[in-house]
Amino acid sequence: MADVHSVSVKIGDIDLVFETGKIAKQANGAVYAHYAGSAVIATVCCGDAPSEPIDYVPVSVEYNEKYYAAGKIPGGFLKRESRPKDKEILVSRLIDRPMRPLFDKAFGREIQIVPTVVSSDMSHTPDIVAINAASCAVTISDIPFYGPIAAVRVAKIGDEFVINPTFQQIPNAALDIVVAGTHDGITMVEGGAKEVSEDDMLGAIAAAQPVISRICEAQDELRRICGKEKLPLMEIEEKDLSWMEPIKEYAYPLEKEASFVKGKMNRYAALEKAHSEIKAKFADLIAEDEKRMGEVDKMFEDMEYNILRSSILNDGVRTDGRKVTEIRPITCEVGLLPCTHGSALFTRGETQSLAVTTLGTVQDEQLFDTIDGEKTYSNFMLHYNFPPYSVGEVGRLTTGRREIGHGHLAQRALEAVIPKKDSFPYTIRVVSEIMESNGSSSMASVCGGCLSLMDAGVPIKKPVAGIAMGLITEGADYSRYVILSDILGEEDHLGDMDFKVAGTKDGITAFQMDIKIAGVTPEIMRKALNQAKEGRMHILSIMLDTLPAPRAEISELAPKILSLKVPEDKIGAVIGTGGKTIKSIAAQSGAEINIDDDGTVMIYGRNNASAQEARKLVLSIIEEPEVGRIYNGTVKRIVDFGAFIEILPGKEGLCHISKLARTRVKNVSDVLSVGQQVDVKLIEIDRIGRLNLSYIDAQPDAGKDEKKEKNS
């Protein structure tokens, strides 16, 4: 096919191939990318005409995976792909974040990028192929784009950094991150780790950069071969804003004073008051043109942006009065909620997370049915909720892409310290309800979630804390810069970098970085990571003052899970004919009992008492009768010469009539009745295994009577 063009770039021993001109030719740009057996078709389309000028880029990314890609049919009642899975949303965010800043707002048209996974070898991760394919599709299209960008996954396995590890290699990695960037430098990093050092994180990022550059070069080569001519940007007419000079002169001191009012809501109110006063004073001037009101609002935004950045760079003073390395006041409280298994309230400044831990059984595990491999189950999950009241607004209670992304980051931060399932066989769910928000709510979720796990008695390996960092730069070469610890919402918006670091005292467990400028140096990254570590240690010390270690026991309200081993020749006895015995134990105790072929018995009790009762019943079945021991038995049958009493499940003995009392007993029924529970002593197991019991020898005064008889 004459119009088909392709380029390739070798990554390790495998070629990443970009091909265009065969598939989806009606899209503005389309690329078929394949890497070993994983393949993605990425398309991009835009609206027919520009809309009114807007202050954001209307781009959407819809990454989707087809089950047929891995030779699978979707599970469930509907045998077709439906709403996006969490994984698809998370990958969509990975694609969106490094690409969005490289579109021009002046393009003014809606843009939709759709990367579709059409083949998966269940070995090479398709998300990395999708990020590169999406960038390539836009690069060769007629949509203006200041890219390309490229991405790789980096894992540290042993002492080596492995680029694009396979699914089989990732579980053995101490570090697993996705790194994206342009020719000029890194723009996004996201991933998790098993307590790695700051040097390891920097080493992984450095290992990614040359590969990212080569992938960008391949995309540029395809653009040179067959790229479309770019569509024009909207013409931004030069405006005469000289009329605004008196407004600026009057507004500046009012804006500056209001920008440093303490407290987020107080600051917003002060700014609103200042803006209203300014607009009222210059109402006649503004009313001369209907567009002037919007231009004044834009002036307020620019003025606040410049005032706050200048204050940080020149004076080291932030909008809430803190120094650049200072962390907001922190308070921690645990055990707030009386009926939950574990709870914590973590407050840092005006950001607050109410975190709740719930413990469940194996039946509560989360099923993952994806194209990555066989069905898998997870026994740890963290869900993040951001209700509108947390920022003093009215809105719908929904779970959007932001909630899924923040929850995933917090889950990744805590996953590294969750105990192994074989040592703590519970399903664990943490929910972070954001009660207030003024920056860094995902990191508050990490801190609150950690405390709630400890309050629930989950034996985590080490406590984890998280902190959000920011960056303010000046000059083309960034010769002047300031790194901010524990950023506010305004600082996130006006800063040049937002990165979040979570970890223990010994290393990083989760990392997310978005850089809004090109060419951030390794020196800046190193300093930022070291400053983040100092902040993390400070936060951990406050958390540990509140709760130094996980509680010794899980909540009495939590389900109790016990395990024990029975001899394989006793498995049948525990189960009973047709499952009669094990069903009886479940009915008596209120617990659920599972038994494996190797004799492992798992008991899931509604509470501790229920589980302990089930354990006692199981042990009584496998227990061998012991001569001289007193048992609490149940009278099963009465005959003329005695009573048959069950002392252990399925094990009955005879208590002869002569062993019912010291005096002569005429009728057994004068002493015992069917169904009665009595203490009896096993006095003999005869040659053929029959159990002989004594009622009188099990009574509290039996020893005294024996002594009296002996003395007489």
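This is a predicted model: local features need pLDDT of at least 70, side-chain atom pairs count only at pLDDT 80 or more; totals for chains, interfaces and linings use all residues.
Local features were considered at pLDDT of at least 70 and side-chain atom pairs only at pLDDT 80 or more, whereas totals for chains, interfaces and linings use all residues. Residues are numbered from 1 along each chain as its sequence is written, and side-chain values rest on heavy atoms, with hydrogens and water left out.

The largest nonpolar core comprises 139 residues, of which Phe18, Phe103, Ile113, Phe499, Met513 and Met543 touch the most other members; such a core is a set of buried Ala, Val, Leu, Ile, Met, Phe, Trp, Tyr and Cys residues joined through side-chain atoms within 4.5 Å. Helix α3 (residues 198-226) gives the most to this core, with 11 residues. Another core, of 18 residues, lies apart from it and includes Ile582, Leu617, Val618 and Ile622.

The structure holds 0 disulfides, a disulfide being a pair of cysteine sulfur atoms within 2.5 Å. For cysteine 136, the nearest cysteine sulfur is that of cysteine 226, 8.0 Å away, and for cysteine 332 it is that of cysteine 447, 7.5 Å away. Cysteine 136 has a relative accessible area of 0% and cysteine 332 one of 16%, so that both count as buried (under 20% relative accessible area, with exposed over 50% and partly exposed in between; 1.4 Å probe, protein chains only).

Lysine 262 is placed in the loop between α4 (245-259) and α5 (264-281), helices being DSSP runs of H or I of at least four residues, numbered from the N terminus. Because its relative accessibility is 53%, lysine 262 counts as exposed. Not counting residues up to four places away in sequence, lysine 262 touches Arg267, Asp320 and Gly321, contact meaning heavy atoms within 4.5 Å.

Conventions
Helices (H or I, at least four residues) and strands (E, at least two) are DSSP runs, numbered from the N terminus.
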